[in-house]
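Subject: Structure handover

Hi there,

Here is the structure I promised to pass on to you. Have a look at it first, and then read on for what I found.

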Amino acid sequence: MLHTREEMQEELQETAKVLSQYGCLKTNQIYRMFPGHDLIVATILRKLKSSGRAVGDWDRKYIAADSDKLKQADEKEIRAFWVLLSFWGSIEYHIPGEYPVCISFFMKGQVYEIIYAARGE
């Protein structure tokens, strides 16, 4: 599928916004945001990195808004983001939550909250 410059710019802006909201995610989560557009996502990640709008730990496969966020990767929020991605095409709005909620989102006229609960908690 061919992308126009405007579509690529929109996806770049959306990726930058998500990184600024959540701080740090796994790179494959960014790919999941735009299924079937692997080459476009690779380009977006390169552009964000080269422009200083994102940093990466490519060994651990993390991408973050800045180096502090990269060092403080929140595994609970990263796991909650995987749940959010399960509904990605239907989500109208999403934001990081406040403890105990990791992420809140709006979909089909309803508000949903994702809470992380580790085994034994």
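Predicted model: local features only at pLDDT ≥ 70, side-chain atom pairs only at ≥ 80, totals over all residues.

Leaving aside residues up to four places away in sequence, tryptophan 88 touches Glu14, Val18, Met33, Phe81 and His94. Apart from it lies another core, made of 5 residues, with Cys24, Ala64, Leu70 and Ile78 among them.

Now to the largest nonpolar core. It has 29 residues, and those touching the most other members are Leu19, Ile30, Met33, Phe81, Leu84, Trp88 and Ile103. Two or more residues come from each of α1 (5-22), α2 (27-33), α3 (38-50), α5 and β5 (101-107). The biggest contribution is that of α1, which gives 6 residues. As a general point, nonpolar side chains in soluble globular proteins tend to be buried together.

With 18 residues, α1 reaches 26 Å from its first C-alpha to its last, close to the 26 Å expected at 1.5 Å a residue. Its buried residues are Met8, Glu11, Leu12, Thr15, Ala16, Val18, Leu19 and Tyr22. Viewed down the axis of α1, they fall within an arc of 160°, so they line one face of the helix. Glu6 and Glu10, on the other side of α1, are exposed. Just after α1 comes glycine 23, with a positive phi of about 85°.

Then there is α5. This helix has 12 residues (75-86), which at 1.5 Å a residue should span 16 Å; the end C-alpha atoms are 17 Å apart, in agreement with that. Glu77, Ile78, Ala80, Phe81, Leu84 and Leu85 are the buried residues of α5. Down the axis of α5, these fall within an arc of 160°, so here too they line one face of the helix. At the start of α5, a side-chain oxygen of aspartate 74 comes to within 3.0 Å of the backbone nitrogen of lysine 76.

Last, isoleucine 103, which lies in strand β5. Isoleucine 103 counts as buried because its relative accessible area is 0%, and the cut-off is under 20%. Not counting residues up to four places away in sequence, isoleucine 103 touches Tyr22, Glu77, Ala80, Phe81, Leu84, Ile95, Pro96, Gly97, Tyr112, Glu113 and Ile114. The C-alpha atoms of isoleucine 103 and isoleucine 115 are separated by 7.2 Å, with the two residues 12 apart along the chain.

Happy to talk any of this through.

Best wishes

Notes
Residues numbered from 1 in each chain as written. Heavy atoms only, no water. Helix = DSSP H or I, 4+ residues; strand = E, 2+ residues; numbered from the N terminus. Expected span 1.5 Å × (residues − 1). Buried < 20%, exposed > 50% of the residue type's maximum accessible area, 1.4 Å probe, protein only. Arc of directions from axis to C-beta. Polar contact = N/O pair within 3.5 Å; in protein donor to acceptor, adjacent residues only side chain to side chain. Core = buried A, V, L, I, M, F, W, Y, C linked by side-chain atoms within 4.5 Å. Contact = heavy atoms within 4.5 Å.
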